[in-house]
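The following note is intended for a colleague who is meeting this structure for the first time. Please read the numbered points with the sequence and the model at hand.

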Amino acid sequence: MRENNKHTITWLRALPLAFLLVQMLAACTSIDCPLNNLVKVNLIMKNENESLQDTITISAIRASGNDTIFNSGVNISNLAIPVSYTQEEDLLHITLNDTLGNTYSDTLTIKKTNQIHFESVDCQPNYFHTLTGITTTCHAIDSVVIKNPNIDYDSSKENIYIYFTPRD
């Protein structure tokens with residue numbers, strides 16, 4: 001009879017360890033991928049008058065020749081645009097149509113580094129980026145400033161300030 005008690009006590013001691021092992025295995029197989037896994041650069045439009053009344057159209061110039069228009073409208077103050085995964089620079093075409101019927105076009109060149117980002121082995125990898133430089137033509141744009149160089153899932157970051165040339 002003592003032999004049966006010995007096996008029972010050993011089994012009771014092993015039960016918490018078995019429970020812990022089951023919990024760990026279940027945690028490793030649960031998929032915890034982020035729902036919002038889009039990585040975008042946030043452009044903030046700045047104007048001397050605080051309100052840009054002109055119509056702005058922003059499109060990406062793609063290597064394939066298929067440009068993508070991201071937004072076109074009046075009173076655009078900020079815009080989040082997806083960046084390429086592995087290219088070292090992205091080109092944006094910005095067209096400004098003022099209230100007098102004049103059209104101005106600029107090209108924004110965004111230089112960046114690309115860092116692969118893994119959440120889990122069950123999730124698709126993504127890329128985070130660090131802005132390293134930015135240049136522009138100056139027809140409608142006065143200057144550009146990198147405010148926050150880190151591009152990741154955080155959509156509240158203001159990455160680039162675009163200052164427009166004051167118009168009379």
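Is Asn114 buried, partly exposed or exposed? Asn114 is partly exposed, because its relative accessible area is 24%, where buried means under 20%, exposed over 50% and partly exposed in between (1.4 Å probe, protein chains only).

1. Basis of the note. This is a predicted model, in which local features need pLDDT of at least 70 and side-chain atom pairs count only at pLDDT 80 or more, while totals for chains, interfaces and linings use all residues. Residues are numbered from 1 along each chain as its sequence is written, and side-chain values use heavy atoms, with hydrogens and water left out.

2. Overall make-up. The protein chain has one helix and ten strands, and the order from the N terminus is α-β-β-β-β-β-β-β-β-β-β. Helices (H or I, at least four residues) and strands (E, at least two) are DSSP runs, numbered from the N terminus. Of the 168 residues in the protein chain, 30% are buried. Among contacts (heavy atoms within 4.5 Å) with a separation of 6 or more, 53% join residues 24 or more positions apart. The protein chain exposes about 11,000 Å², and carbon and sulfur atoms supply 54% of this area, as computed by the Shrake-Rupley method with a 1.4 Å probe.

3. Surroundings of Asn114. This residue belongs to strand 6. Its side chain reaches two backbone oxygens: that of Thr86 at 3.1 Å and that of Gln87 at 3.2 Å. Beyond four places in sequence, the contacts of Asn114 include Ser84, Tyr85, Glu88, Phe128 and His129. Tyr127 is also in contact with Asn114; the two residues are 13 apart in sequence, and their C-alpha atoms are 6.2 Å apart in space.

4. Aromatic pairs. How many aromatic pairs does the structure hold? There are three, a pair being rings of Phe, Tyr and Trp (its six-membered ring) with centres within 6.5 Å; planes under 30 degrees apart count as stacked, over 60 as edge-to-face and the rest as tilted. One of them joins Tyr85 and Tyr127 in a tilted arrangement, with 5.8 Å from centre to centre and 35° between the planes. Tyr85 lies in the loop between strand 4 (78-82) and strand 5, and Tyr127 in strand 7 (residues 126-136), so this pair ties together parts 42 residues apart in sequence. Tyr85 is exposed at 51% relative accessibility, whereas Tyr127 is partly exposed at 22%.

5. A further pair from strand 7. Phe128 and Tyr153 form an edge-to-face pair, because their planes stand at 90°, with the ring centres 4.9 Å apart. Phe128 is in strand 7 and Tyr153 in the loop between strand 9 (150-151) and strand 10 (160-164), and the pair links these distant parts of the chain across 25 residues. Phe128 counts as buried, at 17% relative accessibility.

6. The loop residue Asp98. Where is Asp98 found? Asp98 is in the loop between strand 5 (89-97) and strand 6 (103-117), and it is buried, with a relative accessible area of 12%. Its side chain reaches the backbone nitrogen of Asn102 at 2.8 Å and the backbone nitrogen of Gly101 at 3.1 Å. Apart from neighbours within four places in sequence, Asp98 is in contact with Asp54 and Tyr104.

Key:
A polar contact is a pair of N or O atoms within 3.5 Å; within protein, one must be able to donate a hydrogen and the other to accept it, and residues adjacent in sequence count only if both atoms are side-chain atoms.
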